[in-house]
Amino acid sequence: MYQKYTGVILKKHPLGEADELLTIYTKEAGKLRVRAVSSRKIQSRLGGNLQSLNEVEFETAGSANRRFFPLGRDGLPVLISVRARTINNYLRENLKKFAYSLIGVETLYRLTPDQEQNAEAYEMLLEFLRNLGDSREEKFPLRSFQLRLLRLSGFSFPLEQCLDCQRPLAAGTTSYFLSSKGGLICGTCVKAEEAGLPLTLLALEQLRTLSEGGKPLHLEFPVEQVIEGFLNYVLEREIKASGFLKTLGQET
């Protein structure tokens, strides 16, 4: 059975001596894993088009021949043709942009289930990669992408009211983000022993702007910490690629 897709290559993993396992986020079927046979060989017809973060058009074939599918009982579809649609070389030429792209891609990877079509998430991914290439401030497209993905996945960041007393967060007062609760509490409810991250009204407005796809003039430092903290709360793990960005910052 043959299937045609359009997708962005999220991850690549070596298989055996010459094959690769590709994780591709597709417009038609969401997150897929396919096997690229002999793609790591120098003479491979497929390899040149299989750079990570490229948007590609590709075709797969299923087979009853177990020789091609050693990874599981149901096997993997085999990549039989591929053509690069958008080549995002800038992400590999600019190490900082590449680091930010890895964080965004891992966020998508963690938040989306396998083989579940989501055309909106796919368009958001393409927009994120375009904006990352055009922007001088990589944090804006990344944080907006993460917040929009969270909302699309049913995890909207609670910005309007205190998690404890349920009252609206009062204008002109400081709110506190608690990573243990994954949300904000007001100054009245915060306890001395709770290590909350203080957020001004300006920071709250910046979070709202980012979650709606807008771009604030600048970002208060706690805003990025809050987004990372909320993601860690939802995923119950840290985004591993964030460590690469922090290492990169230390080296520069």
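Student: How many aromatic pairs are there by this rule?
Tutor: The count comes to 4 aromatic pairs. The rule is that rings of Phe, Tyr and Trp (its six-membered ring) pair if their centres lie within 6.5 Å, with planes under 30 degrees apart called stacked, over 60 edge-to-face and the rest tilted. Keep in mind that this is a predicted model, where local features need pLDDT of at least 70, side-chain atom pairs count only at pLDDT 80 or more, and totals for chains, interfaces and linings use all residues. Side-chain values use heavy atoms, with hydrogens and water left out, and residues are numbered from 1 along each chain as its sequence is written.

Student: OK, what kind of pair do Phe-128 and Phe-145 form?
Tutor: A stacked one, at 4.5 Å centre to centre with 5° between the planes. Phe-128 is in helix 3 (residues 119-134) and Phe-145 in helix 4 (residues 139-152), so the pair links distant parts of the chain, 17 residues apart. Helices here are DSSP runs of H or I, at least four residues, and strands are runs of E, at least two, numbered from the N terminus.

Student: Buried or exposed, those two?
Tutor: Both Phe-128 and Phe-145 are buried. That means under 20% relative accessible area, against over 50% for exposed and partly exposed in between (1.4 Å probe, protein chains only).

Student: And how are Phe-157 and Phe-230 arranged?
Tutor: Edge-to-face, 4.8 Å centre to centre and 85° between the planes. Phe-157 is in the loop between helix 4 and strand 6, while Phe-230 is in helix 6, 73 residues apart.

Student: Switching topic: which charged end sits over the ring of Tyr-109?
Tutor: That of Lys-31, 4.3 Å from the ring centre. Lys-11 also lies over the face of Tyr-109, at 4.3 Å from the ring centre. The test is NZ of Lys or CZ of Arg within 6 Å of the ring centre and within 35 degrees of the ring normal.

Student: Now the sheet. In what order do the 3 strands come?
Tutor: The order is 7-6-8, in an open sheet with antiparallel pairing. Two strands pair if DSSP finds at least two bridges between them. The edge strands are strand 7 (183-185) and strand 8 (197-199), each pairing on one side only.

Student: How many bridges join strand 6 and strand 8?
Tutor: Strand 6 (residues 175-178) and strand 8 pair over 3 bridges. Ser-175 stands opposite Leu-199 in strand 8.
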